[in-house]
Amino acid sequence: MGYGLLAGAIAAEILATTFMKYSEGFSKLWPSLITGIGYVVAFALLAQALKTLQVGTAYAIWAGVGTAAVAAIGILFLGETLSLAKIAGIALIIAGVVVLNLGGAH
């Protein structure tokens, strides 16, 4: 159950972050509202997930998956460039999450 809540929290955070780009500095109403609601939902779900998951593990997964997903969205849909440094950074983030989970973090 904890990992399901964490997945929902990550999805809400990714949605909120993506819509923050479209809010144009919170000058557009609907993207701004989606951003705010998305973050409230994300933190509420994360708080519930932390009832059963260790904070270090949950936050590492949250940060790693969220960062990698938002970077991919930027590249695929928002016209951001793909560089070797960006690929290496995302790979290192994913590797860090895997090492934390394999290393007995939960």
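The following is a conversation about a predicted model of a protein with four helices.

Colleague: What should I know about the model before reading values from it?

Modeller: The model is predicted: local features need pLDDT of at least 70 and side-chain atom pairs count only at pLDDT 80 or more, while totals for chains, interfaces and linings use all residues. Residues are numbered from 1 along each chain as its sequence is written, and side-chain values use heavy atoms, with hydrogens and water left out.

Colleague: How many helices and strands are there in the protein?

Modeller: There are four helices and zero strands, and the order from the N terminus on is α-α-α-α. Helices (H or I, at least four residues) and strands (E, at least two) are DSSP runs, numbered from the N terminus. The C-alpha trace spans about 45 × 35 × 15 Å along its principal axes.

Colleague: Why are α3 and α4 called roughly antiparallel?

Modeller: Helix α3 (residues 55–77) and helix α4 (residues 84–102) pack at an angle of about 155 degrees. Angles under 35 degrees count as roughly parallel, over 145 as roughly antiparallel, 65 to 115 as roughly perpendicular and the rest as oblique. The two helices are therefore roughly antiparallel to each other. Their axes are 9 Å apart; axes are lines fitted to C-alpha atoms, for helices over the stretch in contact, and angles run from 0 to 180 degrees between N-to-C directions.

Colleague: Which residues make the contact of α3 with α4?

Modeller: Among them are Gly56, Ala60, Gly64 and Ala71 of α3 and Ile90, Ile94 and Val97 of α4, where contact means heavy atoms within 4.5 Å. By class there are ten nonpolar, five polar and one charged. Ala, Val, Leu, Ile, Met, Phe, Trp, Tyr, Cys and Pro count as nonpolar, Asp, Glu, Lys and Arg as charged, and the others, Gly among them, as polar.

Colleague: At what angle do the axes of α1 and α3 cross?

Modeller: The axes of α1 and α3 cross at roughly 40 degrees and come within 9 Å. The contact is made by residues including Leu6, Ile10 and Ile14 of α1 and Ile61, Trp62 and Val65 of α3. Its classes are twelve nonpolar, four polar and one charged.

Colleague: What makes the pair of Phe43 and Trp62 tilted?

Modeller: Rings of Phe, Tyr and Trp (its six-membered ring) pair if their centres lie within 6.5 Å; planes under 30 degrees apart count as stacked, over 60 as edge-to-face and the rest as tilted. By this rule there are two aromatic pairs. In one of them, the centres of Phe43 and Trp62 are 5.7 Å apart and the planes are at 40 degrees, so the pair is tilted. Phe43 lies in helix α2 (residues 29–49) and Trp62 in helix α3, so the pair ties together parts 19 residues apart in sequence.

Colleague: How do you know whether Trp62 is buried or exposed?

Modeller: Buried means under 20% relative accessible area, exposed over 50%, partly exposed in between (1.4 Å probe, protein chains only). Trp62 has 8%, so Trp62 is buried. Phe19, at 25%, is partly exposed. Phe19 lies in helix α1 (residues 2–22) and, leaving aside neighbours within four places in sequence, is in contact with Pro31, Ile34 and Thr35. Buried residues make up 30% of the 106 residues in the protein.

Colleague: What is the phi of Glu24?

Modeller: Phi of Glu24 is near 50 degrees, a positive value in a residue other than glycine. Most residues other than glycine have a negative phi. Phe26 also has a positive phi, about 60 degrees.
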